[in-house]
Amino acid sequence: IPPTPENFELAYAYIGVANTELKRSIDQLIGNGCKFDASVMGILYQRYFRGRRTDDAMVELGEKISGELDGALRVLETAGRHHSEYGQVLTKASGELGDSGLGAAAIKSLIDQIATSTRAMEARTKTLELQLQTSSQEVNVLRERLETVRRESLTDQLTGIANRKAFDSELKSSIQRAVETGEPLSLMMMDIDFFKTFNDTWGHQTGDQVLKLVANCLTENLKGRDTAARYGGEEFVVILPQTELPDAVGLANQIRGKVESKKLVKKSTGDILGAITISIGVSQYDLDETAEEFVRRTDACLY
């Protein structure tokens, strides 16, 4: 295994039993005779640690935005005090100018005071505008970075489609909409057949390309309201709002046929890899069913 910081972190978490889910996955891979190369370790790290790092980045960016906004509020509070002081100067000068007994020298002195205060106020206002403009630009940059990190936290890095976290969130939202509107909701769960054997034969890098191919077939055959996600490993899921079971089954067969029709050739050697097939389980949501029960029932259809 390459001695990278990420791989040491994975090994430490496994040996120290800090992450029971990670330990179960690795034990299962060991039992299946998996070769722990860079690709396998990368998949494990992405699944069990990448999300945590992304969450930390989102928290950090959120704190920076909060700090910028606090700074802008302090600038505005200071500006408010300056405006109040300037108003007091004008009020005092107005009262004194109302005294008909003032001589020319006294009037000139008051006018000079007003002019000096006005110039100072203009300078403070320009400084305030510059500070607020700088702060606004920084907040906009931080917001863009936060949105980028948020999108990355919901995207599977290998295939570019939604990840498990995004799927869990979208499924709950879809169920809530289905309950409120009474519209049908269907779910597909699919698994690449004999994927471990394919990986062992052709290598994990070629296996990664197959995962990308399946993801592309999904996105090419889905409507805008549908959500395709990588559920984990070689498993994919598709949420189908406003779709009844017969239509979902028809779409599943369409996707299955598209994947099987692809001719797989290894570019580096020209070897014919044959066809990839997938199995798909499909079910329609039952009212009062939890998201976990819905997924479990669909998974049973897959098997």
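The protein has an average pLDDT of 81. A score of at least 70 is reached by 88% of the residues. Strand β6 (residues 278–284) has the highest mean pLDDT, at 96. Helix α3 (residues 38–97) has the lowest, at 70. Where pLDDT is low, predicted coordinates should not be read in detail.

Zero disulfides were found in a search of the whole structure.

Helix α1 spans residues 5–15. Its buried residues are Asn7, Leu10, Ala13 and Tyr14. These residues lie on the same side of α1, because they cover an arc of only 125° around the axis. The face turned away from this buried side carries exposed residues. They are Pro5, Phe8, Tyr12 and Ile15.

The largest pocket holds about 1000 Å³ of space. Its lining consists of 34 residues. Nearest the centre of the pocket are Leu29, Arg47, Gly232, Gly233 and Glu234. Five elements are named as giving two or more residues to the lining: α2 (20–31), α3, α6 (195–202), α7 (204–221) and β2 (227–232). Helix α3 gives the most, with six residues. This contributor is also the element with the lowest mean pLDDT.

Two residues were examined for backbone geometry. Most residues other than glycine have a negative phi. Phe194 has a positive phi, near 55°. Phe194 lies in the loop between β1 (185–192) and α6. With a relative accessibility of 69%, Phe194 is over the 50% limit and so counts as exposed. Gln242 also has a positive phi, near 55°. Gln242 is placed in the loop between β3 (235–241) and α8 (245–261). Its relative accessibility is 42%, so Gln242 counts as partly exposed.

Definitions and conventions. Residues numbered from 1 in each chain as written. Predicted model: local features only at pLDDT ≥ 70, side-chain atom pairs only at ≥ 80, totals over all residues. Heavy atoms only, no water. pLDDT = per-residue confidence, 0-100. Helix = DSSP H or I, 4+ residues; strand = E, 2+ residues; numbered from the N terminus. Disulfide = S-S within 2.5 Å. Buried < 20%, exposed > 50% of the residue type's maximum accessible area, 1.4 Å probe, protein only. Arc of directions from axis to C-beta. 1 Å grid on protein atoms, 1.4 Å probe; cavity = no way out; pocket = protein on both sides within 12 Å on 5 of 7 lines; lining within 4 Å. Points joined across faces, edges and corners; volume = space filled by probe spheres on them.
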